[in-house]
Amino acid sequence: MIEATIACILDRGFYRATSNEIARRAGFTWGAIQRQFGSREALLLAVYEQEWAHLLATMREARIEGDTTEERIRSLFYILKRHYGRPEAFAVLQITMNLRKDPKTSPATLDIIRKSTREAEKLMPPLVREVLGADADLALRYLVFYTIRDFWIGLHVESATALEETVRGRYAMLMEDENLLVEALAAVAESRAAKAQVRSGPASSTKRRRDAQPR
């Protein structure tokens, strides 16, 4: 039932993934699905929770590798691909957006979405700090994380909106040149680190000289 819901959303869009269409794809009557989940909202929430658990597990199990900034960013690039590169992640993005906007969504469902989002937000900072170092500023951490995440989400959007032959060509090009994104982010990170070091250098030298003076 969950797989049928995901497939229906990906093929037809969120609002055309009706209760009857999901039931037809799953090979059940809607009554059988209601007995299992209770409502379409509850079924969508089950999809959401399954995929969110996948995201949390991916981030908890993540191991950043590499000696250079570029190598560590590349490591994060493939870690996020494990979740956001999957079509299921795009289906859940649609579920999340629409459940949050729908005034009919129950408070209990919204509370589950808020809690799981907060849990993921707690896992992101340590992971990105490991990539960029403890001294990296917050804006840079967000830039790196969201740029990579949105790269993978953007490919799903492109697949859903562009002509099939166009998508194939663009996807192939992007995959061949995926180094471009990693190299660009690494260059930005290293540039920010160098500027921060220059800014702190004179002040640090002055402080060392002052501390070294006899008292």
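The exercises below work through a predicted model of one protein chain.

Residues are numbered from 1 along each chain as its sequence is written. Local features need pLDDT of at least 70 and side-chain atom pairs count only at pLDDT 80 or more, while totals for chains, interfaces and linings use all residues; side-chain values use heavy atoms, with hydrogens and water left out.

**Exercise 1. The overall make-up**

Task: State how many helices and strands the protein has, and what percentage of its residues is buried.

Solution. Step 1: the secondary structure comes to 10 helices and zero strands, where helices (H or I, at least four residues) and strands (E, at least two) are DSSP runs numbered from the N terminus. Step 2: of the 215 residues, 37% are buried, meaning under 20% relative accessible area, with over 50% as exposed and partly exposed in between (1.4 Å probe, protein chains only). Step 3: among contacts (heavy atoms within 4.5 Å) with a separation of 6 or more, 66% join residues 24 or more positions apart.

**Exercise 2. The H5 and H7 pair**

Task: Describe the packing of H5 with H7.

Solution. Step 1: two packed helices are described by the angle between their axes and the distance between the axes. Step 2: for helix H5 (residues 69-84) and helix H7 (residues 107-132), the angle is about 150° and the axes are 8 Å apart. Axes here are lines fitted to C-alpha atoms over the stretch in contact, and angles run from 0 to 180 degrees between N-to-C directions. Step 3: H5 and H7 are therefore roughly antiparallel, given that angles over 145 degrees count as such, under 35 as roughly parallel, 65 to 115 as roughly perpendicular and the rest as oblique. Step 4: Thr69, Arg72, Ile73 and Leu76 of H5 meet Leu127, Glu130, Val131 and Leu132 of H7.

**Exercise 3. The largest pocket**

Task: Give the volume of the largest pocket and say which helix supplies the largest share of its lining.

Solution. Step 1: the volume is about 460 Å³. A pocket is an open set of points on a 1 Å grid over the protein atoms alone, where a 1.4 Å probe fits, with protein on both sides within 12 Å along at least five of seven lines; lining residues have an atom within 4 Å of a point. Grid points are joined across faces, edges and corners, and a volume is the space filled by probe spheres set on the points. Step 2: 20 residues line this pocket, and Trp52, Leu55, Tyr84, Thr117 and Arg149 are the closest to its centre. Step 3: H6 supplies the largest share of the lining, six residues.
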